[in-house]
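Visitor: Hi! Could you walk me through this one in plain words?
Guide: Happy to, here it is.

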Amino acid sequence: MTEEQAWIVQAQQGNDEAFTFLVEAYQKPVYNLCYRMLGEPEAAEDAAQDTFLKAYQNLTRYDNERPFGTWLLSIAAHHCIDKLRRKRFTSFSLDADEDGPVELPDRNAPDPEGEAIRKQDKERLHRVLQNLDPIDRAAVVLRYWQDASEVEIAQTLKLTVPAVKSRLHRARRALADLWEEKPKRVRAERKPYGSPAF
Amino acid sequence: MDHRPFNEWLLENKPLTAEEKQSLHSHLQTCTSCSALTEVDLALKSVKLAAPAEGFGDRFKVRLAAQRKTARQRNTAGFILLTVSVLAAVTWLAWPYLGTSLRSPAGMLSSWMTSLFTLWTDLRALLHAGWVVVNVVPSLLWALFVFTAATSSLVWALSLVKLNKVVQGVQS
């Protein structure tokens, strides 16, 4: 029996300390999934906490044959999908981020320009991600951040493997289109002010 | 522009031959749509895991304690509400008899005893009638009836199990 399995068994028997170990071990992947899904740190913190609470309350229903991480991420993904469907979060992030404070690149960094570009790309990616359908978004997050296989994604999101494949293709195509489209739009908007010819 | 093989190659992430890699490389130089696909792929792979603020575990403990307290309060409130409701219902139902029983407790007791005796007699009559029916109906018919009832119960139980199967992780 691994250490994690021992914690799970102890937590199932009502040992809170053992469950806290599981929280510490899985806080990062769960929070990351919630953050990428919801787009806001506060909402992500809340959703991650709710995920662990739900897991704690349903620990007796956990099938020990299944990886604990997959089960936990499944709860998190469905929780976020439900939240997104209920609140229709999709539009907030774009507007909120654009109005929010702009982080300046670190001048002391070895490559401030590269750092700034990376930061911009990261923010751009974060924004385009928010435009995806919630289930597609969850599939992308699990694929890229959790390094999950198509089978694991299918188990987590209760989909078939071909459905996961098709969702991932669709999502990546949509992301690429948004990625390609966004700077064009920004360039078109900035054109009158950007060129001295105007 | 025809993106067909390149699009599939990029989306499938399949290993390519040197020749295919060369042709993909040339295509990416001219096709913004396919190069956007690789750019997004790279960007997705380069972003690190987002981590929660320090003390996530401690905040969870606090939340768990608060949730337990709320659950306890809800249970207590529910118990009190149930007790009050049952008491109110019993009082309301017993109200017409209360006055009588307070005025003449012996009369009330005798009336209850009579009711109990009537109930006992009725039950005995019913049992006797049931026994007569059992003896009149042929045993083959009984066997058929028991078999049908057992099969229906089994089908019912199986459909319940199938319909109520717990799906892991889904909490809606």
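Predicted model: local features only at pLDDT ≥ 70, side-chain atom pairs only at ≥ 80, totals over all residues.

Visitor: At what angle do α3(A) and α4(A) pack?
Guide: They pack at about 125°, and their axes are 9 Å apart. Helices here are DSSP runs (H or I, at least four residues), numbered from the N terminus. The axes are lines fitted to C-alpha atoms, for helices over the stretch in contact, and angles run from 0 to 180 degrees between N-to-C directions.

Visitor: Is the crossing of α3(A) and α4(A) left-handed or right-handed?
Guide: Their crossing is right-handed. That word applies if the near helix is turned clockwise from the far one by less than a right angle, and left-handed if anticlockwise.

Visitor: Which residues meet there?
Guide: From α3(A), they include A:A47, A:T51 and A:K54, and from α4(A), they include A:L72, A:H79 and A:K83. Contact requires C-beta atoms, placed from the backbone, within 7 Å. The contact of α3(A) with α4(A) divides into seven nonpolar, two polar and three charged residues. Ala, Val, Leu, Ile, Met, Phe, Trp, Tyr, Cys and Pro count as nonpolar, Asp, Glu, Lys and Arg as charged, and the others, Gly among them, as polar.

Visitor: New topic: where does α2(A) bend?
Guide: α2(A) bends by about 55° at A:Y26, and a proline, A:P29, follows within four residues. The bend is the angle between axes fitted to the seven residues ending there and the seven starting there.

Visitor: And how far does helix α2 of chain A span?
Guide: Only 28 Å between its end C-alpha atoms, over residues 16-38, whereas a straight helix of 23 residues would span 33 Å. The expected span is 1.5 Å times one less than the number of residues.

Visitor: What follows α2(A)?
Guide: A:G39 does, with a positive phi near 85°.

Visitor: Which helix of chain B does α2(A) pack with?
Guide: Helix α4 of chain B (residues 56-103), at about 135° with axes 9 Å apart. α2(A) and α4(B) are therefore oblique to each other, and α2(A) passes α4(B) in a right-handed crossing. Among the residues meeting there are A:T20 and A:V23 in α2(A), and B:F56 and B:F60 in α4(B).

Visitor: How many residues of chain A are in contact with chain B?
Guide: 36 residues of chain A are in contact with 30 of chain B. α2(A) gives the most to the side of chain A that touches chain B, with nine residues. By class, that side of chain A has 16 nonpolar, seven polar and 13 charged residues.

Conventions: Residues numbered from 1 in each chain as written. Chains lettered and ligands numbered in written order. Helix = DSSP H or I, 4+ residues; strand = E, 2+ residues; numbered from the N terminus. Parallel < 35°, antiparallel > 145°, perpendicular 65-115°, else oblique. Contact = placed C-beta atoms within 7 Å.
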